[in-house]
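The sequence and the model are shown below.

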Amino acid sequence: MNTLFLIACVGMIAGSFLLLRISPATLASALFEHLSAGPKSLRDNIAEANGRKKKNLLRREIETARAILKATDRENRFPTVCTASLALFALGAAVSVAMGNLFLLPVLAVGLLFVPFWYVRFTAGHFKKDVAAELETALSIITTAYLRTEDIQTAVEENVAYLNPPVQGVFRNFLTRVQRVDPDVDAALAELKGSIDNEVFQEWCEALSACRHDRSLKTMLPPIVSKLSDMRIVNGELENLVAEPRREFMAMVALVLCNIPLLRFLNRDWYRTLMHTVPGQITLAVCTAAIFVSFAFVVRLTKPVEYKR
């Protein structure tokens, strides 16, 4: 009966979208825009600015995901993330209703709601490592050319064709600004500094700007570039240390989830107790909540190490 009600509910929702001519992406974007909006009162705004009032968890995750997508030049995917989050929320609620477990409904629905935002966090670490690896190559060859020519524009022109996106696009914009918009190299370097969220790259841009006024400072550039190599080595060692605990965590999650259908074949009484009694349903909800909380901590703790000045 619950399954029939669920199918009828899905049909009504789909019919509402068709009648009102509203796309799920539009609804999801508008909904999450409203949820991520700041407090309306001036007092709450001041309290947030001073740190006396914390943002709620959902708002923090939405703002973090949007900032990551903007920094990685994927801001146009934010509506897709919102749509996936809303769809998973509905899927979690539907599965809980179909199972007849009302205790599991809020846990599964809210937990799946956060999964797309956690995925954005997880991919951000890989994106930053890829950018850092490309920066290491780009800054190395450009620095070598600059030490020879003592002209940053010439050094970039000679090597920009050998770079890969997204670093190549950043340096092409630098050349376009200097050659066709404004010949002020210092202003172009200041703009270049803010184009990539990487502390070593920003320090390199500052040192390069200082070298234009005192060429004896150009010996500072190779040690700055070598920091990227150091961070790559550190992140490689960290990845090796974290890989095993992460695999163990995934294995434990798979073991917990696989035990539920396995109980049906091993002991039907235990399975009925777990699925159809109040203590069993509460136990299932608690285990699911523990999995989601643990997964959130795994995503937050496995991000790459970044250089900080």
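## Surroundings of Trp 204

Leaving aside neighbours within four places in sequence, Trp 204 is in contact with Leu 139, Ile 142, Thr 143, Ile 152, Phe 171, Leu 221, Ile 224 and Val 225. The model that shows these contacts is a predicted one.

The side chains of Thr 143 and Trp 204 are joined by a polar contact of 3.0 Å. Thr 143 counts as buried because its relative accessibility is 4%, under the 20% limit that defines the class. With residues up to four places away in sequence set aside, the contacts of Thr 143 are Trp 204, Leu 221, Pro 222 and Val 225.

Apart from residues up to four places away in sequence, Ile 142 touches Ile 152, Ala 155, Val 156, Asn 159, Leu 163, Phe 171 and Trp 204. Ile 142 and Gln 153 are separated by eleven residues in sequence, and their C-alpha atoms lie 9.8 Å apart in space.

The loop between α6 and α7 contains Glu 150. Phi of Glu 150 is near 60°, a positive value in a residue other than glycine. Glu 150 counts as partly exposed, because its relative accessibility is 30%.

## Nonpolar cores

The largest nonpolar core has 34 residues, of which Ile 152, Phe 171, Phe 174, Phe 201 and Trp 204 touch the most other members. At least two residues of this core come from each of α6 (104-149), α7 (152-159), α8 (167-181), α9 (185-193), α10 (199-211) and α11 (221-266). Apart from this core lies another, made of 25 residues, including Leu 69, Met 275, Ala 285 and Val 299.

## Salt bridges

The chain has eight salt bridges in the count. One of them joins Glu 136 and Arg 232, with the closest N and O atoms 2.9 Å apart. This pair links distant parts of the chain, since Glu 136 belongs to helix α6 and Arg 232 to helix α11, 96 residues apart. The relative accessible area of Glu 136 is 14%, so Glu 136 is buried. Arg 232, by contrast, counts as partly exposed at 46% relative accessibility.

Other bridges lie within a single helix. Glu 244 forms a salt bridge with Arg 247, and the closest N and O atoms are 2.7 Å apart. Both residues, Glu 244 and Arg 247, lie in helix α11, three residues apart, which is about one turn of the helix. Glu 244 is partly exposed, with a relative accessible area of 38%, whereas Arg 247 counts as exposed at 52%. The side chains of Asp 269 and Arg 272 also meet in a salt bridge, at 2.3 Å from N to O. Asp 269 and Arg 272 both lie in helix α12 (residues 268-276), three residues apart, about one turn of the helix. Asp 269 counts as partly exposed at 47% relative accessibility, and Arg 272 counts as partly exposed at 43%.

## A nonpolar surface patch

Phe 103, Val 278, Ile 282 and Val 286 make a nonpolar surface patch of about 340 Å². Ile 282 is found in helix α13 (residues 278-301).

## The chain as a whole

The chain contains 13 helices and zero strands. Of its 309 residues, 33% are buried. The accessible surface of the chain comes to about 18,600 Å², and 63% of that surface belongs to carbon and sulfur atoms.

Contacts can also be sorted by separation in sequence. Among those between residues at least 6 apart, 61% join residues at least 24 apart. The salt bridge between Glu 136 and Arg 232 is a link between distant parts of the chain, and Trp 204 is in contact with Leu 139, Ile 142 and Thr 143, among others.

Note on methods:
Residues numbered from 1 in each chain as written. Predicted model: local features only at pLDDT ≥ 70, side-chain atom pairs only at ≥ 80, totals over all residues. Heavy atoms only, no water. Patch = residues over 30% accessible without salt bridge, like charges linked within 9 Å, V, L, I, M, F, W, Y side chains within 5 Å. Areas by Shrake-Rupley, 256 points an atom, 1.4 Å probe, with all protein chains shown as cover. Salt bridge = Lys/Arg side-chain N within 4 Å of Asp/Glu carboxyl O. Helix = DSSP H or I, 4+ residues; strand = E, 2+ residues; numbered from the N terminus. Core = buried A, V, L, I, M, F, W, Y, C linked by side-chain atoms within 4.5 Å. Buried < 20%, exposed > 50% of the residue type's maximum accessible area, 1.4 Å probe, protein only. Contact = heavy atoms within 4.5 Å. Polar contact = N/O pair within 3.5 Å; in protein donor to acceptor, adjacent residues only side chain to side chain.
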